[in-house]
Amino acid sequence: MTELELDQAFSQKLSSSRHFCKWVLQQTKFNVLSEKFILLDKEQALAKPKKKPENWWRHWWCKLADGSESETDIFAVFGLPDTTKRIALHIEDKPPHGKFTPNQYINYSKRALFMANKPQYMNYSDFTTILLAPQSFLDKHEEQVTYFDCLISYESVATIIPEFAESLREE
């Protein structure tokens with residue numbers, strides 16, 4: 001399984017399952033309101049009209065003040081009904097043999113903060129960064145993973161999304 005295939009499976013499950021969205025949000029600091037937040041995938045697709053709608057989560061690039069450019073693997077914005085409150089999940093996916101690029105783990109929060117409260121990034125006011133990876137990767141990179149707000153193991157996702165179980169078997 002490629003990283004892109006896993007990203008697609010994860011994002012598709014977010015789009016198709018309210019229960020999965022709730023489960024993911026329960027892993028984060030937004031757990032108290034996890035039942036109320038609604039994924040804004042259709043709005044994200046409209047914000048990037050040149051992309052295929054099913055790729056609403058992909059290619060959210062930004063250029064930071066230091067001149068560095070990067071993107072979030074899976075960018076998901078949620079809203080509270082009948083309010084303008086929006087939150088974002090910035091998800092980095094590291095498959096079994098994945099590696100961090102230089103400063104990648106440091107830049108996730110910087111990028112999320114930079115993108116906050118900007119119309120081109122859906123005007124979210126709060127965010128969390130998530131590292132999605134096999135438990136063995138999380139254990140191996142103990143220091144680097146502390147830069148993420150939330151860790152979600154492939155093993156926990158594999159019970160919901162079969163592609164993640166397949167990826168672990170390939171490890």
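This is a predicted model: local features need pLDDT of at least 70, side-chain atom pairs count only at pLDDT 80 or more; totals for chains, interfaces and linings use all residues.
Strand 6 and strand 7 run parallel and are joined by four bridges. They belong to an open sheet of five strands, whose order is 1-4-5-6-7 and whose pairing is mixed. Strand 1 and strand 7, the latter covering residues 150–153, are the edge strands, each of them pairing on one side only.

Two helices pack on this sheet, and I will take them in turn. Helix 1 touches strand 1, strand 4 (74–79), strand 5 (86–93) and strand 6, and its direction makes about 10° with that of strand 4. Helix 2, for its part, touches strand 1, strand 4, strand 5, strand 6 and strand 7, with a direction that makes about 85° with that of strand 5.

Helix 1 also has a helical neighbour to consider. Helix 1, residues 3–16, packs with helix 7, residues 162–170, at an angle of about 155°, and the two axes are 9 Å apart. Angles over 145 degrees count as roughly antiparallel, and therefore helix 1 is roughly antiparallel to helix 7. On the helix 1 side the contact is made by Leu6, Ala9 and Phe10, and on the helix 7 side by Glu163, Phe164 and Ser167; of these residues, four are nonpolar, one is polar and one is charged.

Let me turn to the salt bridges, of which the count comes to four; I will discuss some of them. Aspartate 126 forms a salt bridge with lysine 29, and their closest N and O atoms are 2.9 Å apart. This pair links distant parts of the chain, since aspartate 126 lies in strand 6 (residues 126–133) while lysine 29 lies in the loop between helix 2 (18–26) and strand 1 (38–39), 97 residues apart. Aspartate 126 counts as partly exposed, because its relative accessibility is 23%.

Glutamate 92 forms a salt bridge with lysine 94, with 3.1 Å between the closest N and O atoms. Here glutamate 92 counts as buried because its relative accessibility is 1%, and lysine 94, at 5%, counts as buried too.

Lastly, lysine 42 forms a salt bridge with aspartate 41, the closest N and O atoms being 4.0 Å apart. Lysine 42 counts as exposed, at 59% relative accessibility, whereas aspartate 41, at 11%, counts as buried.

Terms used
Residues are numbered from 1 along each chain as its sequence is written. Side-chain values use heavy atoms; hydrogens and water are left out. Axes are lines fitted to C-alpha atoms, for helices over the stretch in contact, and angles run from 0 to 180 degrees between N-to-C directions. Angles under 35 degrees count as roughly parallel, over 145 as roughly antiparallel, 65 to 115 as roughly perpendicular and the rest as oblique. Contact means heavy atoms within 4.5 Å. Ala, Val, Leu, Ile, Met, Phe, Trp, Tyr, Cys and Pro count as nonpolar, Asp, Glu, Lys and Arg as charged, and the others, Gly among them, as polar. A salt bridge is a side-chain nitrogen of Lys or Arg within 4 Å of a carboxyl oxygen of Asp or Glu. Buried means under 20% relative accessible area, exposed over 50%, partly exposed in between (1.4 Å probe, protein chains only). Two strands pair if DSSP finds at least two bridges between them.
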